[in-house]
Structures are given as structure tokens and as C-alpha cells.
Amino acid sequence: MAQDNFSQVTEFILLGFSDTQELQLLFFALFLLAYAMVLLGNLLIIVAVRTDPKLSSPMYFLLCNLSFIDICYTSVTVPRALVARLSGHKAIAFEGCMAQLFFLHFVGSSEMFLLTVMAFDRYTAVCRPLHYTAIMARGACRALVTACWVGGFIHSIVQTVLMLQLPFCGPNMVHSYFCDVPPIIRLACTDTTLTEWLMASNSGLISLGCFLVLVASYALLLAKVRAHLSQGRWKALSTCASHVMAVTLLFVPCIFTYLRPAGTLPTSKYVCVIYTIFSPMMNPLIYTLRSSEMKESMWRLWKCCRA
């Protein structure tokens, strides 16, 4: 009965970064450039892996899937932000906001699981090279990637259901450029303490758990490489170094954002840029610059396009 007096919010206003026209144009240009780099870099990786038979190893199969996820991840937030800055229309319908939140966590958590699988792939390649082709067979890789998507879907369903159960009746100003749990849950017209802890346990523990697994796998790799120094193992370690950079860019900001109740500290929208835009933009550079096979494949692809 108490909720009968509430006026249900039908839309949210995404405030973005600034109301100043000059800064809005600057952010629009930076976001457009970053999104173009995300699309170009990750599409190049996908085309190179799909067309070059030399890039048929499990590592490149997983990298191709990571590039696809990065494109989807950035496309959930950036195009909507670009249109809002260009048109000046910052409102997003309640249903659209919940849909954006769902797909953001669906793709984002799938990427976390996939990075964990990629760490397992590198661990197997270095520590069990004789059994690598059997353990990381194409069928096993497909099953692992499918499990990543299923895990991301389950996680996102839980987040979205918890959000849909909250009443929104008053403020609708979101201090961000996209809909996410921390800024939206603060607008609910009820005590959200329990919901915040449940969401922190969900998103935060997934981020922290995957990160700890990754750190442990790299520690085991380092111990193994130190005991058996060879050119091939140093090459594998070099590949892992690029993986560590990608993992750091994604997991550290996510842990900072989600591993605490939303009301304890304000969430910085600038921190959100790191894992929604900067990390997907840097992944192609990190992986291609550290892989001679990938650079050679892209060079051959470039020459074919020019011919």
C-alpha cells in the first residue's frame, strides 16, 4: 500500500561528464575516436584469425572471441553516449536503462570468465606442453567459451532481477553516461542495504575471484619458467605479460567499483571509462604488439587489401 503513493519513474537522465558545451564536444570527439579504435583493432584481429590458417591455435581462437566480446561490450554504452551528446537528448527510458544494464553485465562478466580461460590456456601451454593439444582441443575450447557466455548470462539475470524489484519514484538524474548498478541503485525509494550487499557479493566476488585465479596462475607460470628457462618458454611468458596488462586494465577498476555496497563511496564515472572503453581499446594493441604471428598476419592482410 505504501508504494501506491509513488510515481513510478519512466525514464532516467544520463548526465554524462559535463554540461559545458566545449567539454561535451571534447568528450564526444574522444569517445568517437576511442570507439573507432575499438572497432578497427578488434575487427582486424577477428578477420586475421578467421582468414589465416597459421593462427589456428587455441590461443588465437580465444583471442578472436575476446575481440568479439570487446566490440559488444563497448557497443552497449558508447553509441548511446555519442548520440546523446550529438542530439542533446540525455533521457533513456526505464526499460532501455534496464536493458543496457543487463547487456553490460552479460558481456562484461563473460569477458572476465574468458580471460580466466585464456590464463588456463597459457598455463597449460607452458606447464603441460606435451598434453596441450589434447587438453585445449577445439571442442574443449568451444565448450569453455560457451560456459563463459552462460556464466555471464546467469550473473546478469541475477543483477537485473534485483534491480527490477526496487521502486523508483523520485530522483532520476544518473551521474554517469550509461546505466549501471551503483548509480541507479542510489535512486531507489527504499532501503537498499540488503540489495547492495547481494549485488556486491555477485559482481564484486566474481571480479575478485577471477582476478585471484589469474594471479595464482601467473605465479605458477613464473615459478615454472624460472625452473626451466628456454626460448620457447620465454616466448610464452612474453605472451602472458601482455595478458597481465589486459587483466589489470579490466579487473582493478571493476573490483574498485563493484566490491562494496553502492552507497559506501561515490563511484567515479572516470573509473568506469577504464573498463568500458580504455580496456577494449588497448586489448588489440597489447595482443598484436606482443605477438609476431599476429603482426605478420595483419601485414599480409594489409597487403592483400592494397592489392
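## A left-handed disulfide

The torsion about the S-S bond that joins C97 and C179 is about -120 degrees, so this disulfide is left-handed. The bond links distant parts of the chain, with C97 in helix α3 (residues 94–127) and C179 in the loop between β3 (173–174) and α6 (181–185), 82 residues apart. The sulfur atoms of C97 and C179 are 2.1 Å apart. The model described here is predicted.

C97 has a relative accessible area of 0%; because buried means under 20%, C97 is buried. C179 is buried as well, with a relative accessible area of 0%.

## The other disulfide and the pairing

The structure holds two disulfides. In the other one, C169 and C189 are bonded, and their sulfur atoms lie 1.9 Å apart. This pair also links distant parts of the chain: C169 is in the loop between α5 (138–164) and β3, C189 is in the loop between α6 and α7 (193–227), and 20 residues separate the two. The link of C169 and C189 is left-handed, with -125 degrees about the S-S bond.

When the bonded cysteines of the protein chain are numbered in sequence order, the pairing reads 1-3, 2-4.

C254 is in no disulfide; the nearest cysteine sulfur belongs to C272 and is 8.7 Å away. C254 is buried, with a relative accessible area of 2%. Another cysteine, C64, is buried with a relative accessible area of 12%.

## One salt bridge

Side chains of opposite charge can pair when their charged atoms come close. The structure holds one salt bridge. In this bridge the side chains of D121 and R122 meet, at 3.0 Å from N to O. Both partners are buried, D121 as well as R122.

## Nonpolar cores

The largest nonpolar core has 64 residues, of which F31, L62, L114, Y177, F251 and M294 touch the most other members. At least two residues of this core come from each of α1 (21–51), α2 (58–87), α3, α5, α7, α8 (231–258), α9 (269–289) and α10 (292–306). Which helix gives the largest share of this core? That helix is α2, with 14 residues.

Around L62, leaving aside neighbours within four places in sequence, the residues in contact are L114, V117, M118, D121, M136 and V145. D121 in that list is also the salt-bridge partner of R122. A second, separate core has 20 residues, including V9, L162, A188 and M199.

## Aromatic pairs

How many aromatic pairs does a search of the whole structure find? The search finds 13. One of them joins F12 and F168: the ring centres are 5.7 Å apart and the planes stand at 90 degrees, so the pair is edge-to-face. F12 is in strand β1 (residues 11–14) and F168 is in the loop between α5 and β3, so that the pair links distant parts of the chain, 156 residues apart. F12 and F168 are both buried.

The rings of F106 and W149 also form an edge-to-face pair, because their planes are at 70 degrees and over 60 counts as edge-to-face. Their centres are 5.4 Å apart. F106 lies in helix α3 and W149 in helix α5, so the pair ties together parts that are 43 residues apart in sequence. F106 is buried, with a relative accessible area of 16%, whereas W149 counts as partly exposed at 22% relative accessibility. Ring pairs link F106 and W149 with F68, F102, F103 and F153 into a cluster.

## Annotated transmembrane regions

The unreviewed UniProt entry carries the annotation "transmembrane region" for residues 25–48, 60–82, 102–120, 141–164, 204–223, 235–258 and 270–289. In the model, residues 141–164 are 100% helix and 0% strand, and the end C-alpha atoms of this span are 35 Å apart. Residues 204–223 are likewise 100% helix and 0% strand, with 29 Å between the end C-alpha atoms.

Notes. Residues numbered from 1 in each chain as written. Predicted model: local features only at pLDDT ≥ 70, side-chain atom pairs only at ≥ 80, totals over all residues. Heavy atoms only, no water. Disulfide = S-S within 2.5 Å. Helix = DSSP H or I, 4+ residues; strand = E, 2+ residues; numbered from the N terminus. Buried < 20%, exposed > 50% of the residue type's maximum accessible area, 1.4 Å probe, protein only. Salt bridge = Lys/Arg side-chain N within 4 Å of Asp/Glu carboxyl O. Core = buried A, V, L, I, M, F, W, Y, C linked by side-chain atoms within 4.5 Å. Contact = heavy atoms within 4.5 Å. UniProt positions renumbered as here; feature names shortened; annotations may be inferred. Phe/Tyr/Trp six-rings, centres within 6.5 Å; stacked < 30°, edge-to-face > 60°.
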